[in-house]
Amino acid sequence: MIYFRNQLHYGLKMVFTPIDALPYLRGLQAVLAGYEGYTKGKRRAADQAVRNELVRAARRTRNHITNIHDAAFVLGRHELAQSAKRCCSSIDAFVEDVSKASSGVTHSFLSGQRVMKNGDQKRLIRHDYEVITLVTKATNLANAAERQLGSNQDPVEVEQLVKRCQQMVTSSAGFFSERTMMLDGLRQKKRRK
Amino acid sequence: MAQTYKWRNTPDILARIIDGNEITTWRSQRVTLKPNEACMFIINGQLSPVFSDQNINQIGGGFPRFLASILKATAVDRRVVFGMTGPFDLAVPFSTQSQSGLKFQGHVRMRLQLMKEDLPKVLNYFVNHSPVLTRTSLARLLYEHVNQRLIASTFSACTDETSFRDEAFQSHFAMKAEMLLRPQLASLGLTLLGAYLVPQRTSLETVNLHRSNQTHALEQERINAEVTQHAISLRQSTALRQIECEVEVARAKIRGDQTLEAEAALTSLRRLEAVLRSEDERKIRLNLEKERSHSIRMKAAMEMFQLVQESKRSRESTN
């Protein structure tokens, strides 16, 4: 019998998902089944689900770009292959950022974290939605680039798509780092007036 | 109270599969998975999800499990696969020869990563190899593939010993490695993040290095000789100057000595003159005294003679 510790207690107050964030929540639920936002007892699970989805999307993007890299190398288009390699490196860095990002600890009382409020939840849900949208766009770009390469289109266009994909991944990484700042904000105790 | 199970006791270990039924301790074993570690269970041949970044309280052992095994309430086959999901470096040595007969040696440095989602693929390794995947065993596994598929084809077209050091060659090699090694690595669940070639010195480079070293040594010798010559000339001029100074000093000293001797002689002469003068004065005084006493005695004698004459004349007159 295998069982795992599940210690997800974040505070004494029950926090509900804000109504303003519902459209984003619905959007996320379309991608992540079972995503319920950062409600009590679900915060770590939600964080893990979002990060897993980001890694999955990034790996999909990487697979497309890898195919472009191999095809370009075989065809002797070394500049395109090098662009693809650079894009792969950016994706690897993004995956590392996501998989090694801090997600807070379970015991908020002991860690000095303050209780998550509706405003925090709203910001985090919206942020999750936007990051996943960005990475999905990068995946779509990689997919389009591979399709164009397969249909013998102009290699310059393919390279441009790969570069746009890399730019999107870099933006996603930058945007994702904002999430750490939000979580850091939760760690700061309320200032006494 | 559970005991902590350590699946990785050296940094060389990348993955490990353990048989949960072989853990027969009375205390149950638990493991804490860090963010760069992942774990997966195979229960009766079925794969569980991959876990990471959490505590797993019971991976084996303990009295309840022992009791359950007696009652046949546990799984018959229970294995746990652990993996390190952080990037790691791997060096695979190579040795090859180009078509023109040039020999190349060195190693291929690869940066690999076992993604968390790819942990089940590591089972492909454990099917035919030991239950511990280390860097060494992985390098040994990839040795032939790297040498025959990648290195041989890369260096076969290499005509000179200078082209494989430039950026274009390395870039081309990285792309080729990416393409040729991916199927092999993907079957083991590994992702190739980057690869580059680290060749050892070739014979031509050794000769060039020797030439450069000798030229450098010669130049160094020349500089040393120049410095030594300069030092010798400086020392010579210093010695000459020192000799001149010593001569001058000696001369001055001699001059000084002569002066002193002359002064001493003069002093002695003066002293002698004074002695002589005083002796002369003494003699003169003595002579004067003698003359004075003689004159006094003469005067007294003359007076006495006159007295005698007068008395004589008076006596004669009386007679």
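The legends below describe close-up views of a predicted model. Residues are numbered from 1 along each chain as its sequence is written, chains are lettered from A and ligands numbered from 1 in the order in which they are written. In this predicted model, local features need pLDDT of at least 70 and side-chain atom pairs count only at pLDDT 80 or more, while totals for chains, interfaces and linings use all residues.

**View 1. The contact between chain A and chain B.** Chain A contributes 13 residues and chain B contributes 13 residues; two residues are in contact if their C-beta atoms, placed from the backbone, lie within 7 Å. On the side of chain A that touches chain B, α2 (43-75) and α3 (78-99) of chain A each supply at least two residues. Helices (H or I, at least four residues) and strands (E, at least two) are DSSP runs, numbered from the N terminus. The most is given by α3(A), with five residues. By class, this side of chain A has five nonpolar, three polar and five charged residues. Ala, Val, Leu, Ile, Met, Phe, Trp, Tyr, Cys and Pro count as nonpolar, Asp, Glu, Lys and Arg as charged, and the others, Gly among them, as polar.

**View 2. The crossing of α3(A) and α4(B).** Two packed helices are described by the angle between their axes and the distance between the axes. The axes of α3(A) and helix α4 (residues 167-187) of chain B come within 11 Å and cross at roughly 70°. Axes are lines fitted to C-alpha atoms, for helices over the stretch in contact, and angles run from 0 to 180 degrees between N-to-C directions. The two helices α3(A) and α4(B) are therefore roughly perpendicular (65 to 115 degrees). Their crossing is left-handed, meaning that the near helix is turned anticlockwise from the far one by less than a right angle; clockwise would be right-handed. From α3(A), A:A81, A:Q82 and A:K85 meet B:S171, B:A174, B:M175 and B:E178 of α4(B).

**View 3. The packing of α3(B) against α4(B).** The axes of α3(B) and α4(B) come within 10 Å and cross at roughly 145°, and the crossing is right-handed. Among the residues in contact are B:L142 and B:H145 of α3(B), and B:F173 and B:K176 of α4(B). The contact has six nonpolar, three polar and two charged residues. Helix α3 (residues 135-156) of chain B also lies across β2 and β10 of chain B, running at about 75° to β10(B).

**View 4. The open sheet of chain B.** Five strands lie in the order β5-β4-β7-β2-β10, with antiparallel pairing; two strands pair if DSSP finds at least two bridges between them. The edge strands β5 (46-52) and β10 (132-134) of chain B each pair on one side only. From one strand to the next, the twist averages 10°. Strand β2 (residues 13-19) of chain B pairs with β10(B) over three bridges, and B:R16 stands opposite B:V132.

**View 5. The hairpin of β4(B) and β5(B).** Strand β4 (residues 37-43) of chain B runs antiparallel to β5(B), joined by five bridges. The bridge partner of B:M40 is B:V50 in β5(B). Two residues lie between the strands of this hairpin, and B:N44 in the turn has a positive phi of about 50°.

View 6. B:Q58 belongs to strand β6 (residues 55-60) of chain B. B:Q58 is buried, with 20 other C-beta atoms within 10 Å. A residue is buried if 20 or more other C-beta atoms lie within 10 Å of its own, exposed if 12 or fewer, and partly exposed in between, with C-beta atoms placed from the backbone. B:Q58 and B:Q3 are 55 residues apart in sequence and 9.2 Å apart in space, C-alpha to C-alpha.

Definitions and conventions: Angles under 35 degrees count as roughly parallel, over 145 as roughly antiparallel, 65 to 115 as roughly perpendicular and the rest as oblique.
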